[in-house]
Amino acid sequence: MKKVIIVLFFLGGLWHLSWGQVQPHDFQVFHTLDAALKVGKEQNKKIIIDFFADWCIPCKKMDAEVLGHSKTKSTLGREFILLKLDAEKEGKGLAKRFTIGAYPSYIVTDVNLQEVGRVVGALPLDNFLDAILKTVDSSRTDVSIAKRFTNGERTPQLVNDYVYQLMKDGKESEGFQIIDDYYASLSEKEKASPMNWFVFSRYTIERKHPRVDYLIEKQESYRKVMGDSVVNFFFQKILRKDLVAYATESAYFHQIANKDSLYNSIKDFIQQAKIEHDEEVKPLFKIASLRHADLSELAFLSELEKELPNLKPIQQFFQFEKFKPNLSADSLAINRKQVELMEKFLPYQNEFYQKRLTSSINIIKNVGRRNGVKFEALPLSAAFAKAERESKKVFVDFYAVWCGPCKRMDIEVFPLEIVGGLFKESFVAIKIDGESELGKVLIEKYKVEAYPTYLVLSSENHELKRLVGYVDAETFIKELSL
């Protein structure tokens, strides 16, 4: 089972990571332990071991948005070097030694590989830098921080450290309450101080929090002190969840009952926060408006094409991820346009996303030649009855809506005509959402522990075959040819 991925920020742009030539205080990067230890000893620097996995999206975001940032190099280059290790390949032994349980994980060590601290999960730039620097500051150890707070110290740095410590220990309610009390105790001038901006950048995460309303009301004071870019970035970040959900019609979007209300709320917030011209907000809101207008699929694609150049590569990818074979009366034109857009912007994607999009392109191109698996909307009991009448077996796909391998199977395997032919002759196929109320009962009954899980059952409900996870088409056919 893959390690946990901890994500503390959501969408953002990806750009290529390049380090340039080593300067005296560059943040030097190594890919072998021996090289890192040699330089660490020669320059008397701490080593940050970046444990990642090649499938880990938050790891890639950290590479692009944090580790490759100029501020990271200038801030950490004097005291640290970076050792990047794939925890499932060349770094497997060290990952076991340091008990790595989540990706990404950053272990700070001395030149003898003795751990002096760790930072777990994907963090925004400033939070990451602060967390790394904290590992080598004796006045900011967990014990010292707790003692200073208990003794009544309430400096901005200490409050920030203490609440972050509570959050890591799972005491979120207590941490947020301390932040609320602390901020309420400040004067208006103190609230707008750069020293207290952490209250917003780290601990204000919901767009409808009263502090956000206060910031909008007093934003001119904050803009004067913090600068427009800092304030705009916060507003953009706090809006991102809702705006991206609407622009991509994500799973979260489909859970919202009143979509008109959400759209109007987004629109009002953009105007009040004065971020209409923000380079990330503007194109995403345009796409959200197109979706809100409920255009035909072909009309939407034509308008989307105009906005795609204004999106960051990862945002382009999230639009393309919604593309799928169309079977409507306009299917030829729609599928052609989908392929055209993906091929046009494919070079701007990283290798991982290029592979995903290339697979989608091939599937859409071949939609006219495929007659894949036809899943039936039947209760399990009805599937058993039909299987008995037709002398077939029951095939059950246990999935979850957020499951990446499930979607890959739906895109790459189930649409294939050769797979559809096998199913037509041998199976009554149904899908069960493992996180629905009925699904929860059935996954317990059939001891399903991962998604996707595929069960082949006889009409008497005897388990004949079990497959777990993504299975390529050739293996899938071989396994199901009972």
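Charges over rings

Q: What makes R154 count as sitting over the ring of F149?
A: In this predicted model, the charged end of R154 is 3.5 Å from the centre of the F149 ring and sits over it. The distance cut-off is within 6 Å, for CZ of Arg, so R154 meets it at 3.5 Å.

Q: Why is K241 described as lying over the face of Y252?
A: K241 is at 4.7 Å from the ring centre of Y252, and the limit for NZ of Lys is within 6 Å.

Aromatic pairs

Q: Why is the pair of Y263 and F285 called stacked?
A: The centres are 5.6 Å apart, with 15 degrees between the planes. Pairing needs centres within 6.5 Å and stacking needs planes under 30 degrees apart, so the pair counts as stacked. Y263 belongs to helix 15 (residues 259–272) and F285 to helix 16 (residues 281–292), so the pair ties together parts 22 residues apart in sequence.

Q: How do you know that Y263 and F285 are buried?
A: Buried means under 20% relative accessible area. Y263 has 9% and F285 has 18%, so both count as buried.

Q: What makes the pair of F320 and F345 tilted?
A: The planes are 35 degrees apart and the centres 6.2 Å apart. Stacked pairs are under 30 degrees and edge-to-face pairs over 60, so this pair is tilted. F320 lies in helix 18 (residues 313–320) and F345 in helix 19 (residues 331–345). Relative accessible area is 0% for F320 and 5% for F345, so each is buried.

Strands

Q: Why is strand 9 called largely enclosed?
A: Five of the seven residues of strand 9 (residues 427–433) are buried, so the rest of the structure largely encloses it.

Q: How do you know that strand 8 and strand 9 pair?
A: Pairing needs at least two bridges, and seven join strand 8 (residues 393–399) to strand 9, so the two strands pair. They run parallel. V394 has V428 in strand 9 as its bridge partner.

Q: Why do strand 2 and strand 7 count as edges?
A: The open sheet has five strands in the order 2-4-3-6-7, with mixed pairing. Strand 2 (29–30) and strand 7 (115–120) each have a single partner strand, so one side of each is left without a neighbour in the sheet. Strand 2 is joined to strand 4 (residues 80–86) by two bridges, and V29 stands opposite L82.

Key: Residues are numbered from 1 along each chain as its sequence is written. This is a predicted model: local features need pLDDT of at least 70, side-chain atom pairs count only at pLDDT 80 or more; totals for chains, interfaces and linings use all residues. Side-chain values use heavy atoms; hydrogens and water are left out. Buried means under 20% relative accessible area, exposed over 50%, partly exposed in between (1.4 Å probe, protein chains only). Helices (H or I, at least four residues) and strands (E, at least two) are DSSP runs, numbered from the N terminus. Rings of Phe, Tyr and Trp (its six-membered ring) pair if their centres lie within 6.5 Å; planes under 30 degrees apart count as stacked, over 60 as edge-to-face and the rest as tilted. A charge sits over a ring if NZ of Lys or CZ of Arg is within 6 Å of the ring centre and within 35 degrees of the ring normal.
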